[in-house]
Amino acid sequence: MTKHIRFLIILFLFTATALGVKAQSTATTSSPYSRYGIGDINPMLLPQNSAMGGIGVATNTINGFFSVNPLNPASNANIGLTIIDIGVRGSFNTLEKSGQTSQRNANFRLSHIAFGIPVSKRSAITFGLMPYSELGYSYRQINPNFGTGASADTNAVNYIYNGDGGLSRFYLGYGFGIGKHLSVGASASYIFGNLKERQSTEIPTLPGTLNSRIEESNSIKGLNYDFGVQYGIDFSEKKRLTFGYSASANTKLNSTNSYIVSSYYRNANGDEGVATDSLVNTQQPSAKIQLPMINRFGIAFQNQGKYLVGVDYTMSNWSKLTVAGVNKGLRDSRTLNIGGQFTPNINSLSNYFAAVDYRLGFIYDQTYINVNSTDIKRYAATFGVGLPLRSNTTSTFYKVNIGAEIGKRGTIVSGLVKENYINLHLSFTLNDKWFQKYKFD
């Protein structure tokens with residue numbers, strides 16, 4: 001027991017440090033679309049659900065194996081063993097724009113650490129740390145003729161855009177069962193981190209020209225709440241249909257906002273000098289960020305030990321997002337997730353691959369971004385496996401989850417950018433019987 005608790009504390013502190021550093025300064029995405037809103041929003045999914053198209057509103061225990069499911073805290077009611085889940089993620093994207101050479105990027109990070117602990121036969125608490133959003137982009141727009149189009153203006157103007165940072169989420173949830181079929185739950189999340197964005201205007205062909213830069217940063221922290229419900233209908237001992245609903249509340253986060261406009265020079269070698277002046281320096285220590293209301297609906301059918309299929313539909317009111325009282329100009333988003341899992345023979349001893357979980361899914365996302373009167377949409381296919389590992393005891397179970405998401409976002413029409421990406425997920429999940437009171441004769 002003592003070694004388990006010590007291991008848990010060390011693992012949690014290590015992950016908190018790693019994710020905390022990421023939230024403070026390091027960009028873990030390279031997407032120009034992370035510029036909008038408060039960065040790319042990360043779904044509250046672990047790799048086992050990500051590989052099934054991102055379904056999770058109506059899922060809980062699958063094939064008798066317990067998993068943490070932050071997407072719906074009501075699923076906590078079905079946790080029967082202590083769970084530790086820790087994972088990493090790699091992202092690879094290629095950016096395409098008409099008339100320009102494509103750009104390739106890669107990012108890696110520790111993706112999550114999650115714990116689940118049973119409280120009673122039909123209730124459990126879960127807690128963990130995972131990203132909430134990611135901000136990371138760097139690109140430039142070049143306007144010839146000083147942007148005027150006049151032939152007399154022979155110098156081009158560069159508009160350079162950069163952003164980095166992100167927000168992390170520490171959450172604590174509780175779920176319990178009411179009778180045999182109904183489960184309810186709620187969770188509270190502490191969201192924290194820094195977002196920093198810069199916009200520079202330069203004339204590179206005229207050394208010594210006074211350039212300008214706008215820098216805006218937000219140091220963010222605050223609470224957000226989720227709640228959910230699941231209702232199951234049994235058709236037999238192994239077959240169950242589950243309906244699920246979960247939501248994220250439209251709470252407000254606190255933000256310390258800094259807005260600086262400065263001027264600077266570049267020499268003939270292109271090296272940037274020290275800023276010559278700060279034209280504007282505004283500090284707003286009591287700004288607020290209004291988060292949107294998010295509603296999720298799901299349905300899943302499971303034949304225990306064989307297969308599970310499910311569908312989720314999410315409606316997010318991102319048009320209500322405001323930062324320091326300013327609406328960010330986003331659209332309401334709609335997301336459809338379809339997926340499932342198949343296990344040929346969960347009890348197979350002679351054929352290991354028959355006991356493996358095979359996962360597949362699809363995502364359609366009408367995102368909250370609209371640029372140049374064009375809605376930005378995302379399409380993705382997902383797949384993965386759950387690899388069981390042998391244990392020396394009958395109360396300890398291990399599984400390695402591997403998943404991939406291959407998709408595209410955006411378009412090259414209207415001067416926009418199309419992003420082709422691959423996200424790879426890897427996690428290790430432990431089910432064990434902890435905190436058990438033994439009896440002696």
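**Strands, cores and surface of the predicted chain**

In this predicted model, the protein chain contains 2 helices and 19 strands, where helices (H or I, at least four residues) and strands (E, at least two) are DSSP runs numbered from the N terminus. Residues are numbered from 1 along each chain as its sequence is written, and side-chain values rest on heavy atoms, with hydrogens and water left out. Local features require pLDDT of at least 70 and side-chain atom pairs count only at pLDDT 80 or more, whereas totals for chains, interfaces and linings use all residues.

Of the 441 residues of the chain, 49% count as buried; here buried means under 20% relative accessible area, exposed means over 50%, and partly exposed lies in between, with a 1.4 Å probe and protein chains only. Among contacts in the chain with a separation of 6 or more, 68% come from residues 24 or more positions apart, a contact being heavy atoms within 4.5 Å. The accessible surface amounts to about 20800 Å², and 58% of this area belongs to carbon and sulfur atoms; areas were computed by the Shrake-Rupley method with a 1.4 Å probe, and for residues only the protein chains shown count as cover.

The largest nonpolar core comprises 25 residues, and those with the most contacts inside it are Ile38, Tyr132, Leu167, Ile289, Leu291, Trp318 and Leu321. Such a core is a set of buried Ala, Val, Leu, Ile, Met, Phe, Trp, Tyr and Cys residues joined through side-chain atoms within 4.5 Å. Two or more residues of this core are given by each of β4 (123–143), β5 (157–178), β6 (182–202) and β16 (357–371). When neighbours within four places in sequence are set aside, tyrosine 132 is in contact with Ile38, Asp40, Ile41, Asn42, Leu167, Ser168, Arg169, Ile191, Leu291 and Trp318. A second, separate core has 10 residues, including Leu46, Phe66, Leu81 and Ala124.

At the surface, Tyr231, Ile233, Phe235, Phe243, Ile299, Val311, Ile338, Phe362 and Tyr379 form a nonpolar patch with about 770 Å² of accessible area together. Patches consist of residues with over 30% relative accessible area and no salt bridge, like charges being joined within 9 Å and nonpolar side chains (Val, Leu, Ile, Met, Phe, Trp, Tyr) within 5 Å; a salt bridge is a side-chain nitrogen of Lys or Arg within 4 Å of a carboxyl oxygen of Asp or Glu. Tyrosine 231 lies in strand β7 (residues 211–234) and, at 40% relative accessibility, counts as partly exposed.

Strand β15 (residues 333–342) contains serine 333, which is buried with a relative accessible area of 5%. Not counting residues up to four places away in sequence, serine 333 touches Thr314, Met315, Ser316, Trp318, Gln366, Thr367 and Tyr368. Leucine 336, also found in β15, is partly exposed at 27% relative accessible area, and its contacts beyond four places in sequence are with Val311, Asp312, Tyr313, Phe362, Ile363 and Tyr364. Although leucine 336 and isoleucine 55 are 281 residues apart in sequence, their C-alpha atoms are 9.0 Å apart.

Most residues other than glycine have a negative phi. Asparagine 63, however, has a positive phi near 55 degrees; this residue sits in the loop between α2 (47–50) and β2 (82–97) and is buried, with a relative accessible area of 12%. Serine 373 likewise has a positive phi, of about 60 degrees, and is found in the loop between β16 and β17 (374–389), where serine 373 counts as exposed at 72% relative accessibility.
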